[in-house]
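Me: I would like to learn how to read the features of a structure, one at a time. Please give me the general idea each time and then the case at hand.

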Amino acid sequence: MDGEKLKQALVATTVAEDQKQAEQYLQSNCLPLAGFAPTLLRIIVDPSSDDTLAITAVTYFKNTVTKHWKRDEDLAESESQFVLSDEDKAFVRENIVDAICNTANVTVRNQLCYAVQTVARCDFPESWPSLPAKVATLLHTDNAAHMLGAFLVLYKLCKIYEYKRTTERKVLLDMMQPLMPLLFQRLIHLMPNDSNESILLQKIIVKILYCLTQFSLNLEFIPADQLDGWLNICREILLLPPPSSVDVSDPEEAERHEHWRLKKWAAKVLERTFERYGAPGQVESSYAEFAQHFLANHSIPCVEAFLQQLASRQTGTFVSNRVIHLALSFLTTGVSHSHVWKVIKPHFLSLSEHVIFPLLCHTEDDEAMWEDDVEEYIRFKYDIFEDLNNPCNSASSLLVASCKRKDMIQPVLSFIVQTLVGRANEPVAVDGAMRMAGELAAQLTTSKKYKKDCEKLLDAHVIPRLTHESRFVRARAACTLKQFTSCQFNTPRILKSVIDGVVARMLTQEEELPVKVEAALCVQYMLDEQDDKACEFIKPHVAQIIPNVLKLISTTHVEELCGVVDEMMDKFMEEVVPAASLIAAELSDLFLNVIASDQADEMTPTLMSVISTLANILDVVDDHKEIMVAVEGSVLRIVKAVFLTANIDYYDDVLMLVQSLVATHVSVPMWDVFHDIYTAFMTGNNSVIIFADVTSVLHLYITTDTEQFLARPERLNCVLEMCKVVIEDENQGDDNQLAAMKILEILVLQCGRGIQEAIPLILTLTLNRMTKPFEGLTELQPMCCCVMVACVYMVDGPSVAVLSQLASLSSPPIHGLDLIANQLIFLNNKFEGVHSRKMALLGWCLLLRQNAEQRPAAIGYDPKKVLEQCITLFEGLQKAMKLQAEVKAMDESDSEDESEGEDEDDEEEMGGGGGGKGKKNRHRKMDDDLGDSEDEIDEGTLEYLENLTKVQESSDDEEGEDGEDAFVEETDTEVYETSMDGEDSPDIFVLFKETMEGFEKNEPTLFAQMVNTLDADTAERLKSLITECGRHAALADSRKLENTGGYQFNMDAPVPSTFNFGG
């Protein structure tokens, strides 16, 4: 590789007019050559390379390593891909760590670290066993650059294994175990030095510690006594004074200083250790001993260190927001433990007034964002990811947790009311006080002491502020009312004031968008919590609310607002149905506008919510044909647009809409969609749309309007071609092939002789698949047998002829029906659920009804075995039917219990009877305040953790073991109902009874061989089956009689004096 030419080409990529030609030269003439990556690495570390050249070279180097270090596993074997040679890889592995150490440019170093992580992920430890020794050597030097390089490589290596299971992390832990004491000593040695270079090294060491411990804590890797040292040093870091280089006059710059980044990581280690491993009663049992140790030895010193940080903020000294967030989070975990609470308690009221309250107030940054871009402000406020590290969120959590403690909520409530009254002319203070009240709403509205006065609090201090001159106060008032929607409104006037107030805010044209959004969500919450009482006051405004909410969705793209429309449809169906077409049109316009914009990727959750709401609308108007037609037109615009633009991210969602549209009727435009689905499947090489995902849609197209499906032969051909592609492709996986086989069975059972010409193809595909191994789903092979049975059942003559022709090609040649008989015998214990067992029994009935020439040899050879297999199938069928009935009854019972539970809730809110035994409360009762000497044990979390541990242990124990097959009462494919399922389907018990009666009459000798030599147990099982078949036959006769009008009774006939029950 000519290094000089390569340098020239790299420099040319930075010149606009030469860029394209240079990039093409590098891609075509340099990349495939041996030595390309090593030469780039030499250029990167060459002292004569300026920053521009080095950055360009490292960018190409990183991309080369990322794309060409190993072959892409997703590529087909026939596709070619350039991969770096073993010689080039060896050179990179040998020199990349030194390159990181010898590079001063931060950008270059970061890119090299990314590349080393890629190499390590692919090659460590098998192809890179020298890496640990290399890093250890660098750690033992006093060269700061070498130490930095070693630390960075270790951190990237730890990130690879951060979330892996314990067994997979062993190779890393074995490498790190001897290095941890050295890292610890390095950290202690560096701490007195407050230069930026030293702080950077300290920060990376602490990040390594966090990466090693944050997901799982291996106390064999870091024994408790060593971990004590790490935790103590992290606490000491938290208390370090800031160096003079921190410019506190610029908070944003100070926040980014390495000193506060170091403190942030030290705080993260302490907070994560307490929350995940150190809180007794809230951790997995394997950490119980360590939790007690942490609580006794570290919790109080850490609380004092964090309180010191909060005290500094309280006095106006700069403390970064991330450290404040972690401090508040640590205290929140500590509040639930009496040992820690006793230390926090004396400080809490001061914290609530001077730290928590200011954090919850509207800030200058909030106001600036509102002013600059109100839509961005709204999205920011509703972005859950913005809350993850937001000190406002952790402040709220600490407030709520502390107010669960005895006698804590009263002084906080007094502070809130005093602020609302005494500082009524200070909008920021009013906002903060209302937010504090809102955060405590769940506790206040469920406390016997306070819940009766909540409506008075709202009436006096919140509702009037819906018309406050400050816009953010109006928004906060609406938000606070939303949080109090579970309040016990004993005064209808107050409830009406709340609803009228928020509706007015929403409908006022000049009102600010954030206020409207909060008001709309308050309406939704009111409908959900107050139900009929709220409906009474909201109903007159429904016609105005819905268009305004739709406009809000279109403007703000807040996905939560779709829930408002859903709730309105649920509560006001009669009012919404006439407007359904308008709603669907608005939502369709919104979807199409957003998906065509540059913000489409960011707005994915909103678009998902739009689709979900449209699906709800389709359900609502299902019984209104004219409106359904109008709504279908709007929904179709979305469906067609997604398929037209091949926007694969939304295929699953539009397929859900298609299911709703063809569930009861298939319109002419929906047949066009059918072909769109086919085209997308075929042009995407059946990988863009997974066949299992379209099975439900194809099932509905076939069964909803079978006549129209068969009216155009190309529709049948499309389905057959899709199935053929899947069944013949070994890479499709058993789940897709199972779905394809199920569609073939549905085709045969639904269409019968209407697809007679397709039977040869269907049977050929089925038999070809049966000749290949079955290694995955246990349902696939029985489903193949079901397809053959369905063909003989629905199209007997042609199917038998095709089977005979195909069977003659086997070695040795056999009769066509012998194929089915042999499979039924082989798979007897593999038929699961109800449907496949029915089909297997149907197969035996068909075979037993054949004449002597056509009858399979297995029946004549061992008729007794055939009967025994039928008995086994019937027993499994009865068990599966019983279990399915029990599950259905249980689901219905659960629905009734939920309904009764809601009624009980309503009765209790109205002061009704005490039928609350066993009732589930959504909020913790404030009367159960924790005393200062009590610990709060989160039993739900603890139970979840224990169950998770048991499941993990169970899965580990079962790995690689073959246990007994569990009984399956319902298979995945039974959701697709066929003509053999449902109330009007043939009764297999009656069919078997008739078959056996005919067999006894026509083949008495075989029948005698079948039943006369049964052992006692089998004879008893047969007797039970005969009884059950007789019961089904009697029930079938009764239904026939009922359908013909029943008995004709002679009203004048005398009443008989005796009855003959035996007759």
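Me: Is E745 buried or exposed?

Reply: The model is a predicted one. Burial is read from relative accessible area, and under 20% counts as buried. E745 has a relative accessibility of 0%, so E745 is buried. The residue belongs to helix α41, which covers residues 734-751.

Me: Which side chain does E745 contact?

Reply: The side chain of E745 makes a polar contact with the side chain of K742, at 2.8 Å.

Me: Where does N390 lie, and what does its side chain reach?

Reply: N390 sits in the loop between α20 (374-381) and α21. Its side chain reaches the backbone nitrogen of C392, at a distance of 2.9 Å. N390 counts as buried because its relative accessibility is 18%, and the cut-off for buried is under 20%.

Me: How do I read a salt bridge?

Reply: Side chains of opposite charge can pair when their charged atoms come close. The cut-off used here is 4 Å, between a side-chain nitrogen of Lys or Arg and a carboxyl oxygen of Asp or Glu.

Me: How many salt bridges are there by this rule?

Reply: The count is 39 salt bridges.

Me: What does the salt bridge between K539 and E575 tie together?

Reply: The N to O distance in the salt bridge of K539 and E575 is 3.5 Å. K539 is in the loop between α29 (532-538) and α30 (542-556), while E575 is in helix α32 (residues 573-576), so the pair ties together parts 36 residues apart in sequence. K539 is partly exposed at 46% relative accessibility, and E575 is partly exposed at 30%.

Me: Which residue does R637 meet in a salt bridge?

Reply: R637 meets D589, with 2.8 Å from N to O. This pair links distant parts of the chain, since R637 is in helix α35 and D589 is in helix α33 (residues 580-595), 48 residues apart. R637 has a relative accessible area of 35% and is partly exposed. D589 is also partly exposed, at 32%.

Me: Where do K724 and E728 lie?

Reply: Both are in helix α40 (residues 713-728), four residues apart, which is about one turn of the helix. K724 is partly exposed with a relative accessible area of 32%, and E728 is partly exposed at 41%.

Me: Which residues do salt bridges with shared partners join into one network?

Reply: The network holds E367, E371, R471 and E512.

Me: What should I look for in the backbone?

Reply: Most residues other than glycine have a negative phi, and most peptide bonds are trans. Exceptions can be picked out against that background.

Me: Which residues are joined by a cis peptide bond?

Reply: F124 and P125 are joined by a cis peptide bond, with omega at about 0°. P125 is in the loop between α6 (106-123) and α7 (131-139).

Me: What is the phi of D407?

Reply: D407 is not a glycine, yet its phi is positive, at about 65°. D407 lies in the loop between α21 (391-402) and α22 (409-422). With a relative accessible area of 55%, D407 is exposed.

Me: What is the phi of A646, and where does A646 lie?

Reply: A646 is not a glycine either, and its phi is positive at about 55°. A646 is in the loop between α35 (625-644) and α36 (651-661). Its relative accessibility of 44% makes A646 partly exposed.

Me: How do I compare separation in sequence with distance in space?

Reply: Take I409 and Q443, which are 34 residues apart in sequence and 9.1 Å apart in space, C-alpha to C-alpha. I409 is part of helix α22. I409 is buried, with a relative accessible area of 4%.

Me: Which residues form a negative surface patch?

Reply: D247, D250, E252, E364 and D365 form a negative surface patch. A residue needs over 30% relative accessible area and no salt bridge to be part of a patch. E364 has a relative accessible area of 74% and is exposed. E364 lies in helix α19, residues 364-372.

Conventions: Residues numbered from 1 in each chain as written. Predicted model: local features only at pLDDT ≥ 70, side-chain atom pairs only at ≥ 80, totals over all residues. Heavy atoms only, no water. Patch = residues over 30% accessible without salt bridge, like charges linked within 9 Å, V, L, I, M, F, W, Y side chains within 5 Å. Areas by Shrake-Rupley, 256 points an atom, 1.4 Å probe, with all protein chains shown as cover. Lys, Arg positive; Asp, Glu negative; His and termini not counted. Charge placed at Lys NZ, Arg CZ, Asp CG, Glu CD. Helix = DSSP H or I, 4+ residues; strand = E, 2+ residues; numbered from the N terminus. Buried < 20%, exposed > 50% of the residue type's maximum accessible area, 1.4 Å probe, protein only. Polar contact = N/O pair within 3.5 Å; in protein donor to acceptor, adjacent residues only side chain to side chain.
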